[in-house]
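Look at the chain shown below and follow the explanation through it one region at a time.

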Amino acid sequence: MSRSIVRQSKFRHVFGQAAKAEQSYDDIRVSKVTWDSSFCSVNPKFLAVIVESSGGGAFLVLPLSKTGRVDKNYPLVVGHTGPVLDIDWCPHNDNILASCSEDCTAMVWQIPDHTPTRPLSEPIVTLEGHSKRVGIVSWHPTARNVLLTAGSDNLIIIWNVGTGEALITMDDHPDLIYNVSWNRNGSLFCTTCKDRRLRVCDPRKREVVAERLAPHEGIRPMRAIFTREGNIFSTGFTRMSQRELGLWDPTNFEEPIALLEMDTSNGVLLPFYDADANIVYLCGKGDSSIRYFEITEEPPYVHYLSTYSSKEPQRGMGFMPKRGVDVSKCEIARLYKLHERKCEPIMMTVPRKSDLFQDDLYPDTAGPDPALEAEEWMEGRDEDPVLVSLRDGYIPPKSRELKVARKNILDTRATPRRSMSSCDGSNLPPQLLEKLLEEVQNMKATILSQEKRICDLENKLSKYTNGTA
């Protein structure tokens with residue numbers, strides 16, 4: 001009677017390989033801010049990295065094709081007045097990026113397809129609602145224009161960036177929030193906090209629906225993410241400062257599904273989750289390795305696969321959405337490792353002999369179309385992500401402009417106080433009032449025509465520089 005000793009899994013032989021030197025991004029001054037975010041965000045069109053800058057906060061946005069040495073004068077995104085702490089690409093528009101900063105604001109940016117000729121300093125919307133630095137931004141996975149921010153004021157605010165208004169504010173956390181993760185359809189999110197609690201929150205009910213005290217007994221920061229099945233995968237530290245990972249059922253927080261001790265190190269483990277393959281990639285800040293585990297329904301539930309090792313420690317990491325991987329090379333994941341002065345892509349590949357499309361490796365994955373609008377989500381609807389096939393590869397769509405209805409912002413703002421000496425419009429003569437209004441309209445028309453002229457010139461210039469003219 002034969003008995004299989006080795007566990008059967010198509011991901012058992014996944015191996016990591018760093019890109020060649022000419023396919024990396026060199027001369028990037030990665031931020032030295034002491035904040036446990038990934039400092040990097042990537043999508044099928046762009047790579048964004050938080051960088052060092054004087055006089056405020058900045059980040060660099062590069063087209064994925066612009067590999068090699070980055071010009072020191074390459075235009076940055078420079079709208080924040082304090083260091084940038086976190087960035088996140090919108091899952092439904094590859095040209096929209098959210099950022100947050102120590103200046104107590106979050107901003108949403110429209111990144112042009114062409115290479116900009118000057119620094120970007122004007123966001124399409126600025127979100128002001130936190131009283132202290134904002135350390136986390138996270139887009140809703142299925143609803144259009146819904147963005148979550150979390151700050152050091154212990155508030156979580158959910159925004160409709162299409163109107164610039166705050167939809168939901170939650171103050172259930174008594175201490176600093178370490179991280180936030182949405183579940184697959186965006187009906188719940190989980191958080192880890194400095195008070196050592198793991199919470200599951202229902203934002204539309206504005207309540208914590210489940211919580212667990214000290215899923216990891218150590219006092220160092222934890223991280224937690226939702227898995228495809230609705231369980232929660234967490235990383236933290238034991239009482240003896242050993243790094244530890246756990247798998248939990250949020251409907252029964254008493255006992256973990258799995259709990260594994262790893263090694264002794266100070267770096268916080270940042271988990272990156274591939275929902276299609278059910279694989280978690282663990283990247284520790286300051287580590288020079290990436291460990292990856294497969295989550296299954298059979299004991300021991302969390303299976304160690306392998307480790308990618310290199311010589312250089314990582315300052316941060318970006319994780320490519322599945323629609324950005326190269327299916328012709330059986331690539332199932334791509335991470336972007338930040339060094340001190342460069343960004344290096346690392347491809348995770350399943351070795352296969354055939355060059356044909358591998359159906360078992362690439363089930364339909366979350367596409368760029370939202371499943372519902374912000375208003376529908378607020379009314380209580382939930383939808384899973386709209387899936388796309390990767391059989392013919394994924395071609396990013398052209399830039400779509402995010403339209404912001406600013407009038408809604410003005411409706412929700414309090415009327416500013418005026419000093420007693422300021423002029424009251426009701427006391428102005430009608431002729432003077434008409435003259436002022438006419439002058440304002442003329443100035444608006446002039447500004448619009450100048451902005452259009454600048455855009456036309458930038459487009460012409462980008463055509464010449466890209467050699468398409």
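A polar atom of the Lys285 side chain lies 3.0 Å from the backbone oxygen of Trp35. This is a polar contact, meaning a pair of N or O atoms within 3.5 Å; within protein, one must be able to donate a hydrogen and the other to accept it, and residues adjacent in sequence count only if both atoms are side-chain atoms. The model is predicted, so local features need pLDDT of at least 70 and side-chain atom pairs count only at pLDDT 80 or more, while totals for chains, interfaces and linings use all residues. Residues are numbered from 1 along each chain as its sequence is written, and side-chain values use heavy atoms, with hydrogens and water left out.

Lys285 sits in the loop between strand S24 (279-284) and strand S25 (289-295). Strands (E, at least two residues) and helices (H or I, at least four) are DSSP runs, numbered from the N terminus. Buried means under 20% relative accessible area, exposed means over 50%, and partly exposed is in between (1.4 Å probe, protein chains only). A salt bridge needs a side-chain nitrogen of Lys or Arg within 4 Å of a carboxyl oxygen of Asp or Glu.

Because 6 of the 6 residues of S24 are buried, the strand is largely enclosed by the rest of the structure. Ile279, Tyr281 and Cys283 are buried on one side, and Val280, Leu282 and Gly284 are buried on the other. S24 is joined to strand S23 (residues 269-274) by 6 bridges, and the two run antiparallel. Two strands count as paired if DSSP finds at least two bridges between them. In this pairing Tyr273 stands opposite Val280. S23 and S24 form a hairpin with 4 residues between them, and Asn278 in the turn has a positive phi of about 60°. S24 also pairs with S25, in the antiparallel sense over 5 bridges, with Tyr281 opposite Tyr292. The hairpin of S24 and S25 has 4 residues between the strands, and there Gly286 takes a positive phi near 90°.

Strands of a sheet pair through backbone hydrogen bonds, either parallel or antiparallel. Elsewhere, 3 strands form an open sheet in the order S3-S4-S5, with antiparallel pairing. Strand S3 (40-42) and strand S5 (58-63) stand at the edges with a single partner strand each, so one side of each has no neighbour in the sheet. Strand S4 (residues 46-51) pairs with S5 over 6 bridges, and Ala48 has Val61 in S5 as its bridge partner. The loop between S4 and S5 holds Ser54, which counts as exposed because its relative accessibility is 72%.

Another serine, Ser138, is found in strand S11 (residues 134-139). Ser138 counts as buried because its relative accessibility is 12%. Its side chain makes a polar contact with the side chain of Trp182 (3.5 Å).

How many salt bridges does a search of the whole structure find? The search finds 24 salt bridges. In one of them Arg7 is joined to Glu294, the closest N and O atoms being 3.2 Å apart. This pair links distant parts of the chain, with Arg7 in the segment before strand S1 (15-18) and Glu294 in strand S25, 287 residues apart. Arg7 is partly exposed, at 24% relative accessibility, whereas Glu294 is buried, at 9%. Strand S25 also holds Arg291, while Asp263 is in strand S22 (residues 258-264); the side chains of Arg291 and Asp263 meet in a salt bridge (2.7 Å, N to O). Salt bridges that share partners also join Asp195, Arg197, Arg199 and Glu211 into one network.
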